[in-house]
Amino acid sequence: MFDRHEDVVERVIQQLRRPVAIDPGLDARVMREIAQTPGGSRGWRVWPYWASLAAAAVLAIVLVAHPRSRQRESADLLQFVLVAPQAASVSLVGDFNDWDPARSPMRTAQGVWATAVRLAPGRYRYAFLVNGVEWRADPAAPSAKDDEFGTPSSVVTVGGKRS
Amino acid sequence: MIIVALLMATQVAVQDPRLERLDPETRIAVSGVIDSARSAGLPSEPLVQRALEGVTKGAAGTRIVTAVRRLSSDLATARGALGTSASTPELEAGVAALRAGATPQLLAHLRDVRKPPLTMALSVLADLVAGGVPPDSAAAAILVLAPKARDADLVEFRRAVERDIALGAPPGAATSVRVNAGAETPNSLQSGPPGNTPPPSRRP
């Protein structure tokens with residue numbers, strides 16, 4: 001009975017780890033809906049010259065302050081899963097979300113916690129924060145051997161072309 | 001106005017608001033290390049992330065500064081071995097490989113035998129060592145596979161070795177057996193363009 005339960009959990013995990021298929025036409029449909037919304041073009045009363053300058057300034061700030069955002073277009077969607085039936089909350093924290101527990105809270109289905117994160121090519125350290133206090137490494141991923149802060153971490157590497 | 005905006009943007013980058021999570025004394029010390037690294041042409045993002053990891057994990061300020069300083073030094077070593085054209089992910093993976101026991105000479109050799117990016121090859125080397133494979137065995141295996149294996153093949157190689165170890169095989173033996181098995185399986189490790197294929201799986 002116990003083995004059968006584990007088998008079910010394992011199958012659930014396998015399903016959760018499958019890549020999420022996103023309709024490639026979604027962006028186009030959303031933008032079309034926005035364009036058709038009444039009043040959608042209101043508010044552009046700024047002189048085009050100043051609007052262009054403002055756009056350039058915003059772009060410059062974004063590119064300089066957040067260099068990794070330039071890699072987003074080649075990002076892969078990865079799913080992270082932790083089986084923790086007793087946990088009240090689990091967060092995924094790592095190099096990809098500034099180690100901020102509020103950025104990637106995980107959702108549970110009968111104790112199987114999961115979330116998906118889009119990652120550009122690279123090597124990332126991460127860990128699970130259980131109940132806001134307990135650090136856990138990902139049992140399904142290589143461990144970060146060089147942990148310098150006394151708690152376990154894991155690593156994930158996303159392959160790809162030179163960025 | 002554009003110049004002013006760019007200056008403002010540069011200022012934003014220098015005074016990274018994410019570092020406000022550090023206490024003032026630690027923030028000053030970490031910012032100093034990051035500024036020095038940036039001046040030396042090293043990427044600052046890995047250093048910021050290491051500091052944020054430390055503060056989120058509740059580490060003492062001195063420990064965070066030490067970790068960031070050590071990472072900066074290792075990034076410089078990795079860049080020295082991999083060259084100035086190495087990307088940030090390659091440098092980060094290079095640091096992991098160095099800390100796993102690879103030498104700068106090995107990194108340089110890897111750069112000579114494999115087309116970029118080297119991120120996956122270096123990461124697999126580090127992960128094998130973290131999984132119990134002796135550094136020399138892991139390095140030898142990666143050097144054998146690197147010229148022709150795709151990134152996906154290297155990931156599968158690592159998983160196969162990990163499976164064998166979990167089943168009780170000695171790590172060194174598991175590695176050498178899998179390398180030889182790969183060399184005898186042309187369709188597995190010797191097909192397709194080397195080094196430029198993303199991993200087939202989306203799991204860590």
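**Exercise 1. Confidence**

Task: State how confident the predictor is in chain B, and find where pLDDT stays under 50.

Solution: 
- Start with the average. This is a predicted model, and chain B averages a pLDDT of 87. In chain B, 82% of the residues score at least 70.
- Over residues 7-13 of chain B, pLDDT stays under 50. The model has 11 contacts beyond four places in sequence for that stretch.
- Residues 186-202 of chain B also stay under 50. Here the model has 43 contacts beyond four places in sequence.
- Finish with the scores for the model: ipTM is 0.81 and pTM is 0.72.

**Exercise 2. A helix in chain B**

Solution: 
- Now take burial. A residue counts as buried if 20 or more other C-beta atoms lie within 10 Å of its own.
- Buried residues of α7(B) include T119(B), M120(B), L122(B), L125(B), D127(B) and V129(B).
- Look just past the helix. There G132(B) takes a positive phi of about 110 degrees.

**Exercise 3. Chain A and its strand β2**

Solution: 
- Count the elements. Along the sequence they run α-α-α-β-β-β-β-β-β-β.
- Check burial. Chain A has 163 residues, and 24% of them count as buried.
- Check contacts. Among chain A contacts with a separation of 6 or more, 63% join residues 24 or more positions apart.
- Turn to β2(A), residues 90-94.
- Sort the side chains. In a regular strand, side chains alternate between the two faces of the sheet. In β2(A), V90(A), L92(A) and G94(A) point one way, while S91(A) and V93(A) point the other way.
- Find the partner. β2(A) pairs with β5(A), residues 122-130, in the antiparallel sense over five bridges. S91(A) stands opposite L129(A) in β5(A).

**Exercise 4. Two domains of chain B**

Task: Which elements of domain 1 of chain B give two or more residues to the side that touches domain 2?

Solution: 
- The domain assignment gives domain 1 as 1-84 and domain 2 as 85-204 of chain B.
- Count the residues involved. In chain B, 14 residues of domain 1 are in contact with 15 residues of domain 2.
- Name the elements. On the domain 1 side they are α3 (45-56) and α4 (61-82) of chain B. α4(B) gives the most, with nine residues.
- Classify the residues. This side of domain 1 divides into seven nonpolar, four polar and three charged.

**Exercise 5. R18(B)**

Task: Locate R18(B), and list its contacts beyond four places in sequence.

Solution: 
- R18(B) lies in the loop between α1 (2-14) and α2 (24-39) of chain B.
- R18(B) has 15 other C-beta atoms within 10 Å, so it is partly exposed.
- List the contacts. R18(B) is in contact with D98(A), V48(B) and L52(B).
- R99(B) is 81 residues from R18(B) along the chain, and their C-alpha atoms are separated by 27 Å.

Technical notes. Residues numbered from 1 in each chain as written. Chains lettered and ligands numbered in written order. Predicted model: local features only at pLDDT ≥ 70, side-chain atom pairs only at ≥ 80, totals over all residues. pLDDT = per-residue confidence, 0-100. Contact = placed C-beta atoms within 7 Å. Buried ≥ 20, exposed ≤ 12 C-beta atoms within 10 Å, placed from the backbone. Helix = DSSP H or I, 4+ residues; strand = E, 2+ residues; numbered from the N terminus. Pairing = 2+ DSSP bridges. Domains from an automatic or database assignment. Nonpolar A, V, L, I, M, F, W, Y, C, P; charged D, E, K, R; others polar.
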